[in-house]
Structure formats: structure tokens, C-alpha cells
Amino acid sequence: MTAHFPEPSPRPVPSGGIRASHDDREAVVEQLRDAAAEGRIDFDELDSRLELALTAKTHGELATLTADLPTPRSSSATVSASAAESRAPLVLKGGLHGASRGPGRWEVPGHVIAHGGLGGVSLDFTRADCRLTEVVVEAYGETSGVTVVIPDGWVADTSGIDPGFGGLTDKSTSDRLPGTPLIRITGSGGVGGVVIRHPNKRERRKLDAS
């Protein structure tokens, strides 16, 4: 007679080993951004922690990124986003000599208006602090054009822009990472055109060196 032994029950998974969801990663991203805004961590550390948060696989990996930070209040992210959305639009005018914002640190409002003018406008989000899920960039190429540079993982919606004579050049990808904003482009290409792209090789070298 063959003896039957009970099958061993599955071993419980430690709480830190539970797989993280997109919402889990986004919550940690918001907590890290709030901590940087409050001066608890600097922007270089924010960059490194955000990269780890967006690629984290488990709750344990996410927990290590916020272990030295206070528990967030549920309304803090909402308040921060509301403040950014209510801020006056950022207006850039190319004029004769051009205008730019970035690639250094700057806080992104919910609405940016860029007039290329004779000198052109460069709008670089690669090191910007953005708390919003969506940013409207109203771009008017005019004579010399508007160039918008967005980090890898950010995406742009260009369906609301009139290409004009200068046209629209969209070199951005459609692979959006969790916790990143949508850049909604409106306006007109004018004569100079509007360009949306990710950093080029030279810009990437500068970002890596900084």
C-alpha cells in the first residue's frame, strides 16, 4: 500500500518581495519629488532615486528609496500639482537674440507659451522639476522656430498643432514611463517650424558629466 503524504503548502512571500505595480511606483515618485521640493534631498539624489523607483520590481526595492523620508500626507501631491497648475503661464519670446529655458533646473508650470520670433526659442525639460501629469506647450515657430527637448520616457501629443509653412518635426518616442508628464503641444509651426525631440548625443554627454 502506497503512503500518501500531504503536498507542502507554498511558502509565503515576504511583504517586501511582493511585486510593485505602476501605481506603487508613481506614489514613490511623487513622494521623492515632494521631498526634493522641501529640501530633504538634493536634485542629483532625486534623479538617482527616481531612476531606481521607475525600474523597481518589488515593494522592498521601493521601500528602501523612502526609508529616510517622513510618511507623506495624502493631500501633499494634490496640493503641489494644484499650485503648479494655477501658476501664471511661462512666456518665452525669441526676439532678436533668442530665448531659452533649461537644461538647468526649473519648475514647470501647467502652461508654457513660446514665440520663436527672429532668434528662436529652446525649451529643455531634461532637468526640469515637473509635478504635473500634463503640461500644455503653446508653440509658435514664427521666423526662427521653437525646439522642445524632453527626457527619455516622456511623450508628446502633437495632434493639436498646426504645422504651418515650417512644419512639425516630432522625433520623440511613444514609450511613456509611469509618473512622467504628457507634453501637449499646440500652436503653429509658422515659418521656422516646431521640433520635438529627446536629447542628442552632445546633450547626453553634458547630462552625464553634470
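Predicted model: local features only at pLDDT ≥ 70, side-chain atom pairs only at ≥ 80, totals over all residues.
Let me begin with two residues in the interior: Trp-106 is buried, and Phe-125 is buried as well, where buried means a relative accessible area under 20%, exposed means over 50%, and partly exposed covers what lies in between, using a 1.4 Å probe and protein chains only. Residues are numbered from 1 along each chain as its sequence is written, and side-chain values use heavy atoms, with hydrogens and water left out.

Now to the aromatic rings. A pair of aromatic rings is described by the distance of the centres and the angle of the planes. Rings of Phe, Tyr and Trp (for Trp, its six-membered ring) pair if their centres lie within 6.5 Å, and the planes count as stacked when under 30 degrees apart, as edge-to-face when over 60, and as tilted for the rest. How many aromatic pairs does a search of the whole structure find? The search finds 2 aromatic pairs. Trp-106 and Phe-125 form a tilted one, with 5.2 Å from centre to centre and 40 degrees between the planes. This pair links distant parts of the chain, since Trp-106 sits in the loop between strand E2 (99-101) and strand E3 (111-115), whereas Phe-125 sits in the loop between strand E4 (121-124) and strand E5 (134-140), 19 residues apart. For the names, helices (H or I, at least four residues) and strands (E, at least two) are DSSP runs, numbered from the N terminus.

Phe-125 also pairs with Trp-154: the ring centres are 5.8 Å apart and the planes stand at 50 degrees, so this pair is tilted. Because Phe-125 lies in the loop between E4 and E5 and Trp-154 in the loop between strand E6 (146-149) and strand E7 (155-162), the pair ties together parts that are 29 residues apart in sequence. Phe-125 has a relative accessible area of 1%, and Trp-154 is buried with 7%.

Let me turn to the charged side chains. The structure holds 10 salt bridges, a salt bridge being a side-chain nitrogen of Lys or Arg within 4 Å of a carboxyl oxygen of Asp or Glu. In one of them, the side chains of Asp-47 and Arg-105 meet at 2.9 Å, N to O. Asp-47 lies in helix H2 (residues 43-55) and Arg-105 in the loop between E2 and E3, so the pair ties together parts that are 58 residues apart in sequence. Asp-47 is partly exposed at 30% relative accessibility, and Arg-105 is partly exposed at 33%.

Arg-127 forms a salt bridge with Asp-47 too, with the closest N and O atoms 2.9 Å apart. Because Arg-127 lies in the loop between E4 and E5 and Asp-47 in helix H2, this pair ties together parts that are 80 residues apart in sequence. Is Arg-127 buried or exposed? At 17% relative accessibility, Arg-127 counts as buried.

Finally, the strands, where two strands pair if DSSP finds at least two bridges between them. E5 and strand E9 (residues 182-188) pair in the parallel sense over 7 bridges, and Val-135 stands opposite Ile-183 in E9. E7 and E9 also run parallel, joined by 6 bridges, with Gly-160 opposite Thr-186 in E9.
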